[in-house]
Amino acid sequence: MSDIRLLAPAPGWAIDADVVVVGSGVAGLTTALRCAAGGARVTVVTKARLDDGSTRWAQGGIAAALGDGDTPAQHLDDTLVAGAGVCDEGAVRLLVTEGPDAVRRLIASGARFDTSESDGEILLTREGGHHRSRIVHAGGDATGAEVSRALVEAVRTAGIETVENALVLDLLTDADGRTAGVTLHVMGEGRRDGVGAVRAPAVVLATGGMGQVFSATTNPAVSTGDGVALALRAGAEVSDLEFVQFHPTVLWLGPQAEGQQPLVSEAVRGEGAHLVDADGVRFMLGQHELAELAPRDIVAKAITRRMQEHGTDHMYLDARHFGAEMWARRFPTILAACRANGIDPVTEPIPVAPAAHYASGGVRTDLRGRTTVPGLYACGEVACTGVHGANRLASNSLLEGLVFAERIADDVLTRERPAPGAPVLPEPSRAPLLEHGARYEIQRVMTAGAGVLRSAESLAGAAAALERVHTRAVEDLARDEKTAEPCVETWEATNLSLVARVLVAAAARREETRGCHWREDHPERDDAAWARHLVVTLAPDGTPAVRTTPSTDFPPVETPEHSA
Ligand SMILES: Cc1cc2nc3c(=O)[nH]c(=O)nc-3n(C[C@H](O)[C@H](O)[C@H](O)COP(=O)(O)OP(=O)(O)OC[C@H]3O[C@@H](n4cnc5c(N)ncnc54)[C@H](O)[C@@H]3O)c2cc1C
């Protein structure tokens with residue numbers, strides 16, 4: 001267990017719970033609902049408002065074998081192909097087998113999906129990498145907003161305690177290293193202001209992704225990798241961090257655009273949109289049997305290659321043939337986002353480019369969501385359950401949040417665990433925080449050196465630049481110069497720095513091209529050397545220690561508390 005902590009004042013207040021859920025997206029709220037339904041006292045802590053994560057932004061839908069003739073086995077096959085040889089097959093089997101019922105339970109919780117006017121059956125569409133129409137959607141392209149609305153309403157109806165505008169800092173443990181809660185900072189002027197603690201024997205990290213580590217991303221501002229950083233500081237293992245999915249078709253808003261960018265969902269291609277270059281040539285034909293519906297990494301790479309060949313920074317998605325009525329009915333959100341940015345997809349091709357979209361890796365868990373730290377769970381995008389391998393199949397992530405949330409709740413409710421001792425309050429941290437501006441420096445470094453195209457040289461450059469950002473703060477502190485004060489911006493910048501350094505260390509180690517990890521200097525997939533995972537922990541001095549697993553197997557964690 002590392003004793004590295006974020007620099008913060010000592011907790012000034014404390015509350016108690018049976019389980020604290022960190023994050024309020026699909027993963028966090030589903031876990032909270034299932035734990036509360038089983039009688040647990042749940043506290044949900046979330047950094048901004050309840051609906052401020054990636055979940056609300058999801059467009060395409062949720063994948064599940066619900067259609068006539070579709071089976072979990074076919075969904076499994078598509079997921080394994082997208083995962084490029086490093087999925088954990090047992091985890092995928094659970095996902096696709098338990099998925100249909102998890103979606104039905106979401107509907108029972110109040111979510112309303114699009115149905116056929118004629119027979120009331122749920123409508124299913126196709127997305128990249130799926131050989132079947134198996135994506136349920138809501139409001140046309142507003143699936144995440146509906147999922148979030150339904151879950152927030154259900155949480156409120158269930159009377160679950162929620163703490164909004166509260167950034168969780170670090171894990172609390174007892175003298176035996178067992179989870180004893182979290183420290184957090186509440187922004188506001190209520191009863192619980194400033195740094196405090198939620199004491200609980202079980203903590204579920206559901207903090208979402210880390211897209212903000214890159215300059216251009218589809219992820220909202222809250223996606224700063226806090227859960228991965230917290231878990232690393234708490235001594236947990238993280239895995240597969242090098243596999244960052246870049247969504248191929250993000251609205252291109254010009255060379256200076258930064259932060260969250262509007263997504264043009266895969267479902268637009270699913271309904272027949274074509275990718276074309278500036279001359280109107282469909283360049284995906286002949287590249288893959290599924291053409292525009294090839295897995296995301298294939299499409300992102302093809303777009304990037306075409307951009308390089310043409311010396312440009314974007315391509316086009318042509319869906320003028322949908323017509324105004326279909327655009328308005330099927331893709332109202334995307335239509336509005338395009339028009340708000342001066343593009344009318346009914347009359348002109350949409351400029352698009354790849355941007356960071358999804359973290360396939362994260363905090364390593366077993367099939368019940370348990371991390372390597374007793375009492376600490378991870379769920380949703382922050383977790384690495386093994387289902388995504390080297391590349392997530394479209395619309396499998398909301399499903400993963402649903403399925404594993406239920407498995408975690410089951411484990412939390414049924415596991416006999418001794419009550420933790422009193423939390424050991426850590427010594428004040430000696431590690432400095434990074435100033436707010438470091439966020440943008442880190443994003444630029446990561447996009448240039450660890451983005452869609454990577455090489456030993458680009459990654460070494462990124463590692464050196466990140467080290468400079470980190471050591472500058474350490475040296476300022478050593479010289480007793482003014483250092484960054486604890487606040488949301490400096491905690492987030494410090495978390496981004498840690499996950500960026502770990503991501504670059506893993507990407508540099510994996511000397512092959514696989515899934516969404518594309519090494520220009522090692523362009524082939526190398527199963528003999530690399531059909532395995534990279535697992536990272538923090539050394540006592542805070543530097544990432546990377547090791548490889550012997551095979552693709554992702555065995556369940558076996559510690560005394562964890563052995564099932
Ligand atoms: C534009 C877009 C479109 C997408 N479309 C689809 C799709 O069609 N289908 C699909 O399956 N997936 C899609 N995805 C991916 C999917 O939306 C996410 O993977 C999924 O919603 C993640 O859910 P989550 O609950 O793990 O995290 P999130 O929904 O991101 O929630 C994370 C929560 O953690 C909170 N949090 C973060 N850090 C802290 C902290 N330190 N302290 C307290 N709280 C914290 C956040 O505020 C937030 O509430 C899309 C993603 C994006 C961005």
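**Ligand contacts and helix packing in the predicted model**

In this predicted model, a backbone N or O atom of Ala206 lies 3.3 Å from an oxygen atom of the ligand, a polar contact being a pair of N or O atoms within 3.5 Å. A backbone N or O atom of Lys47 is placed 3.0 Å from a nitrogen atom of the ligand. For Asp226, an N or O atom of the side chain is 2.8 Å from a ligand nitrogen atom. The ligand is surrounded by 37 residues, the closest being Thr55, Gly61, Asp226, Glu381 and Ser397; a residue is near a molecule if one of its heavy atoms lies within 4 Å of it.

Residues are numbered from 1 along each chain as its sequence is written, and side-chain values use heavy atoms, without hydrogens or water. Local features need pLDDT of at least 70 and side-chain atom pairs count only at pLDDT 80 or more, whereas totals for chains, interfaces and linings use all residues.

Helix 1 (residues 26–37) packs against helix 4 (residues 143–157) at an angle of about 30 degrees, with their axes 10 Å apart. Helix 1 is therefore roughly parallel to helix 4 (angles under 35 degrees count as roughly parallel, over 145 as roughly antiparallel, 65 to 115 as roughly perpendicular and the rest as oblique). Helices here are DSSP runs (H or I) of at least four residues, numbered from the N terminus; axes are lines fitted to C-alpha atoms over the stretch in contact, and angles run from 0 to 180 degrees between N-to-C directions. Val26, Leu29, Thr30 and Leu33 of helix 1 make the contact with Val147, Leu151, Val152, Ala154 and Val155 of helix 4, contact meaning heavy atoms within 4.5 Å. By class, these residues comprise eight nonpolar, one polar and no charged (Ala, Val, Leu, Ile, Met, Phe, Trp, Tyr, Cys and Pro count as nonpolar, Asp, Glu, Lys and Arg as charged, and the others, Gly among them, as polar).

Helix 2 (residues 72–82) and helix 3 (residues 89–108) pack at about 135 degrees, with axes 9 Å apart, which makes helix 2 oblique to helix 3. Pro72, His75, Leu76, Thr79 and Leu80 of helix 2 meet Glu89, Val92, Arg93, Val96 and Thr97 of helix 3. This contact contains five nonpolar, three polar and two charged residues.

Between helix 8 (residues 323–330) and helix 9 (residues 332–340), the angle is about 110 degrees and the axes are 5 Å apart; the two helices are therefore roughly perpendicular to each other. Trp327, Ala328, Arg329 and Arg330 of helix 8 and Pro332, Ile334 and Leu335 of helix 9 form the contact, with five nonpolar, no polar and two charged residues.

How values were computed
A polar contact is a pair of N or O atoms within 3.5 Å; within protein, one must be able to donate a hydrogen and the other to accept it, and residues adjacent in sequence count only if both atoms are side-chain atoms.
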